[in-house]
Amino acid sequence: MELRIDPFEQTVLPHLDAAYNLARWLAGNEHDAQDIVQESCLRAVKFFEGFRGGNPRAWLLTIVRNTSYTWLKKRSAVHALASIDDEEFEMEDVSVNPQQLEMAMASVERMRAAIDQLSLEFREVIVLREMEEYSYKEIADIAAVPIGTVMSRLARGRQQLRHLLSAETQPNGGQP
Amino acid sequence: MNCQETQHWLSAYCDGELPMPLTLELEQHFGSCQTCALMRDNATLMTKRIRTAAVTAPESLKQRVRAAVKPQAQAARIVWAGPAWWPGIAAAAALVIAAFVWMTHDRAQEKRLLLSEVTDSHIRSLIGDHLVDVASSDKHTVRPWFEGKVDFAPAVPDLSAQGFKTIGGRLDYIGGHSAAALVYQCRKHFISLLLWPAGADENASSGIQSEAAQRGYSIVRWTAGGMSYWAISEISEDDLKSFAQAFLGEVKGVQ
C-alpha cells in the first residue's frame with residue numbers, strides 16, 4: 001500500500017495556519033491575509049526547487065513575510081514601514097497597573113486590537129515569538145535582522161503592548 | 001543584579017534565551033524582589049494571552065490554495081514528459097535501473113528506503129489529521145495501549161521537564177514490520193519517535209546518530225535495548241539530539 005503525496009503539498013501545505021496567522025498580523029486584516037497567503041503559496045511553488053531542506057515552516061513564513069511587505073508597500077502603507085530608532089526607548093514601565101493590565105489581557109478582542117496597533121517591527125517579532133514560538137535565531141533568519149535586534153524589539157514590543165493594553169482600560173491614556 | 005538590570009533582561013529571560021549564569025542571577029533577584037517577581041509573572045501571563053489571539057486559516061482558503069497550487073505543480077512536472085515513444089524508453093530504462101538497483105542492492109539503499117518511510121509516516125500523521133491513535137500525556141495510558149498491537153512494550157518516559165510533552169502514540173508499519181510511534185511536542189513542533197525491534201545484524205545498542213535531513217525534517221536514530229529508534233521532526237537537528245538524549249537518559253533511569 002502506497003500513499004502518493006505531492007512533495008510540495010506534504011512539505012508546505014501543513015503550515016497554512018502559521019502562514020495565515022503571520023499574514024493576518026502583518027497585513028492587519030483577514031481579507032488581505034487570504035490574498036497574501038494565496039500569493040505566497042504560488043511563489044513557494046515556483047521557488048520550491050530551490051528549497052534545500054531546512055525548516056519548511058520557516059521557509060514558507062519567510063516568503064509570507066516578504067509578500068506581506070510588498071503588499072503593504074503597494075497599498076502605500078509606507079508610513080508603517082518607517083524605520084524605528086532601535087536605541088531610543090526606556091525600559092521602565094512600572095507605572096502600568098498589573099490588575100488593569102490583567103483585565104485587558106483577558107479579552108481576546110482587546111488583545112487583538114492592541115497587537116494591531118503595535119509598530120510593524122514589533123508586531124512581526126511578537127507574532128513569530130509568542131504565536132509561532134520561534135527561537136531568536138529563527139526569528140532573526142525570517143525577519144532578516146541580527147539576533148540582538150530581535151531581542152530588543154521583543155522587549156520593547158512587549159512594553160508597547162503593555163502600554164496599549166493598559167491605555168485602553170484608562171480613557172485618559174495612562175501616560176505620565 | 002538590581003531591578004533595572006533585571007527588567008532589561010526580563011523579556012529574554014521569559015523566552016529562555018539568556019545564558020545560564022545570567023538566568024541564575026535573575027532568578028536569585030526574583031527570590032528577593034517581589035516587584036520584579038510580579039513583573040515576571042505578568043510577562044508570562046501576557047505570553048499566554050497573546051497566544052490566544054492567534055488566528056487559523058479558514059477552510060475555504062485552504063481549499064482555494066490547494067486548488068491554485070495543483071495546476072502549477074503539475075505544470076512543473078509536465079516539462080519532464082517527452083514524445084509519444086517516451087513510455088517505451090522509460091520502461092526499458094526502468095528495467096535497466098531495476099537490474100542495477102537489484103545488483104547494487106545494499107544497506108545504503110535499504111536505509112534510504114527506511115528514511116523515506118519514516119518521513120512519510122511523520123508527514124502522513126501531520127497532514128492526515130492522524131497524529132495519534134491514543135492521545136494522552138500519561139505513560140500509563142499510552143504504554144498499555146500498544147499491548148497486543150505490537151510484540152514489544154515501548155517505554156514512554158515523561159520528558160516534560162526537559163521541554164518535550166507527551167502527546168500520545170500511534171501504530172505504523174515501517175520497513176516491513178509493525179512499529180510503534182510515540183508523539184512528543186517541543187514548543188509548537190511535533191516529534192514522531194518510531195521504534196521497532198532491531199534487526200539481527202544491528203548492534204544491540206548504538207549511540208545517537210543523525211541522518212541526512214529528509215524533505216526539511218531532521219532525523220536522528222539510535223539503538224538501545226535491542227530496539228531501533230528513529231526520531232523525526234521539523235525542529236533543528238541539535239534540538240532533536242537533545243530530545244534523543246533526554247529520552248535515552250530517562251529510559252536508562254527507568255530500567
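On a 1 Å grid over the protein atoms alone, a pocket is an open set of points where a 1.4 Å probe fits, with protein on both sides within 12 Å along at least five of seven lines, and its lining residues have an atom within 4 Å of a point. This is a predicted model, in which local features need pLDDT of at least 70 and side-chain atom pairs count only at pLDDT 80 or more, while totals for chains, interfaces and linings use all residues. Residues are numbered from 1 along each chain as its sequence is written, chains are lettered from A and ligands numbered from 1 in the order in which they are written, and side-chain values use heavy atoms, without hydrogens and water.

**Largest pocket**
- The lining of the largest pocket has 29 residues, and Pro14(A), His15(A), Asp17(A), Leu126(B) and Phe190(B) lie nearest its centre.
- Twelve residues of this lining are nonpolar, eight polar and nine charged (Ala, Val, Leu, Ile, Met, Phe, Trp, Tyr, Cys and Pro count as nonpolar, Asp, Glu, Lys and Arg as charged, and the others, Gly among them, as polar).

**Confidence**
- The model has an ipTM of 0.82 and a pTM of 0.58.
- Chain B has a mean pLDDT (the predictor's confidence in each residue, from 0 to 100) of 83, with 86% of its residues at 70 or more.

**Arg170(B)**
- Strand 2 (residues 164-174) of chain B contains Arg170(B); strands are DSSP runs (E, at least two residues), numbered from the N terminus.

Note on methods. Helix = DSSP H or I, 4+ residues; strand = E, 2+ residues; numbered from the N terminus.
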